[in-house]
Amino acid sequence: MTGTTSDSADERLSKLLAVTDTELARLGAEELQIELLERIRDVLDADTVAVLVHEEPSDYLVAQLARGLEEEVRQGVRIPIGVGFAGSIAALRQPVRLDRVDKKTVTNPILWEKGIRTMLGVPLLSGKQLLGVLHVGRLDDRPFGDVDTQVLSVAGERVVTAMLSANAATERAAADLLERSLLPTRFPALEGLEFGGRYAPSEDRMIGGDWYDVFTLPSGDLWLVTGDVAGHSLQAAVRMGRVRSALRAYALLGGGPAETLALTDRKVHHFEIDTMVTVVCAVTRPPYDRFQICSAGHLPPVLAQPDRPTSLVELKVGPPLGAVRDAPPRVATEIDFPPGSLLALYTDGLVERRGEVLDVGLRRLRDTIRADAPDLVCRETMQRLVADRIPADDIAMLAVRRPAA
């Protein structure tokens, strides 16, 4: 061990900061966390060091990384916040020192079975958000002092930085997988219809809650869907995936878009607490000459027809999914879809701009879309409405055309 209790706080902090700022700069996020634990154990002359993370939205801490206390991680230890040593640190959000480790002072049996005699822990905070707890332990009776607490608190700040970096890397990787798995890789091959679609992430390149979907049912019905889960994070994307799957499952029951959205709304209220989703569904069947369209708080589709002005479809819009319990019955609108027509669905990221009223964006969209090849329409719409600006929100767009005979 290189650290000793006689070292001053400044000396030990210098050792820790020198390591984290130079040698560890080349490491990846996960490697950085592991190496930090080794250095913390060394600098504090401790025998064990562990990080427990706050498992949101639950009130539990879960062992994630450890050195000298690997059993906590291997056994998936979960500690209620407010209970025991680590739980008290999380609840108080203050450092805690423990000069005696036994059944009366610690609820986790692994700690006293390991032979740990004294412990010190600090909360891991990012602003007001609790990320977890960092604690160290010794196998002898040497108690931790004020200098040790000061050093571990600074070390905790470095661990928080590493955790945030690792979380960001994990979210980016997960978002890429979600994007590839949740967006259609190909459109249905249906005689008499052509499709086009676009998806663009927001300026931080993190997938959010926007999606489009195209699927057919055994009955022959064709469903077009665009939706937007409130929020912009990996969690929003995960909720989006669950809502998308639920909507597909309820569509298989054979009801129309109004009934399917009502069933999905019940699911969101029961299983997706505090989630709000806007969705529009457009359903047609061979010969694809009419659409049934139902909106749950979503912007209206655009209808373009030859020799007619492009227009926004007039709908009776119901509340977003998850917004109102016991919502009034949802209503679907039927429209004609004659040969040569194009229907475009989209999310608000396409038309909303900071400092501009929504009607301006909708008018710009309506003036851009025409009854042409769907992929060309999507490309031209993105070129005009997005151009080189950095999207502040995700954008999903879906277009279908019924070519003229």
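Modeller: Searching the whole structure, which is a predicted model, turns up one cavity of 30 Å³ or more. The space in the largest cavity comes to about 70 Å³. If you want to find the spot on your screen, pick out the residues that line the largest cavity: Leu52, Glu72, Ile79, Gly84, Phe85, Ala86, Val106, Thr107, Asn108, Leu111 and His135. By class, that lining splits into six nonpolar residues, four polar and one charged. The element that gives the most to the lining is helix α4, residues 84-92, with three residues. As for how one looks for such gaps, rolling a probe the size of a water molecule over the atoms shows where empty space is left.

While you're at α4, have a look at Arg93, which sits in the loop between α4 and β4 (96-98).

Next, the helix pairs. Helix α7 (residues 234-251) packs with helix α8 (residues 257-271) at an angle of about 135°, and their axes are 9 Å apart. An angle over 145° would have counted as roughly antiparallel, and α7 and α8 are therefore oblique to each other. Their crossing is right-handed. On the α7 side, the contact is made by Arg242, Val243, Ala246, Leu247, Tyr250 and Ala251, and these meet Thr260, Leu261, Leu263, Thr264, Lys267 and Val268 of α8. Sorted by class, this contact of α7 with α8 holds eight nonpolar residues, two polar and two charged.

From α9, the residues in the contact are Gly361, Arg364, Leu365, Asp367 and Thr368, while α10 brings Glu380, Thr381, Arg384 and Leu385. The class count for α9 with α10 is two nonpolar, three polar and four charged residues.

One last stop, back in the backbone. Pro286 and Pro287 are joined by a cis peptide bond, with omega about 10°. To find Pro287, go to the loop between β10 (277-284) and β11 (290-296).

Conventions:
Residues numbered from 1 in each chain as written. Predicted model: local features only at pLDDT ≥ 70, side-chain atom pairs only at ≥ 80, totals over all residues. Heavy atoms only, no water. Contact = heavy atoms within 4.5 Å. Helix = DSSP H or I, 4+ residues; strand = E, 2+ residues; numbered from the N terminus. Nonpolar A, V, L, I, M, F, W, Y, C, P; charged D, E, K, R; others polar. 1 Å grid on protein atoms, 1.4 Å probe; cavity = no way out; pocket = protein on both sides within 12 Å on 5 of 7 lines; lining within 4 Å. Points joined across faces, edges and corners; volume = space filled by probe spheres on them. Axes fitted to C-alpha atoms, helices over the stretch in contact; angles between N-to-C directions. Parallel < 35°, antiparallel > 145°, perpendicular 65-115°, else oblique. Left-handed = near helix turned anticlockwise from the far one by under 90°.
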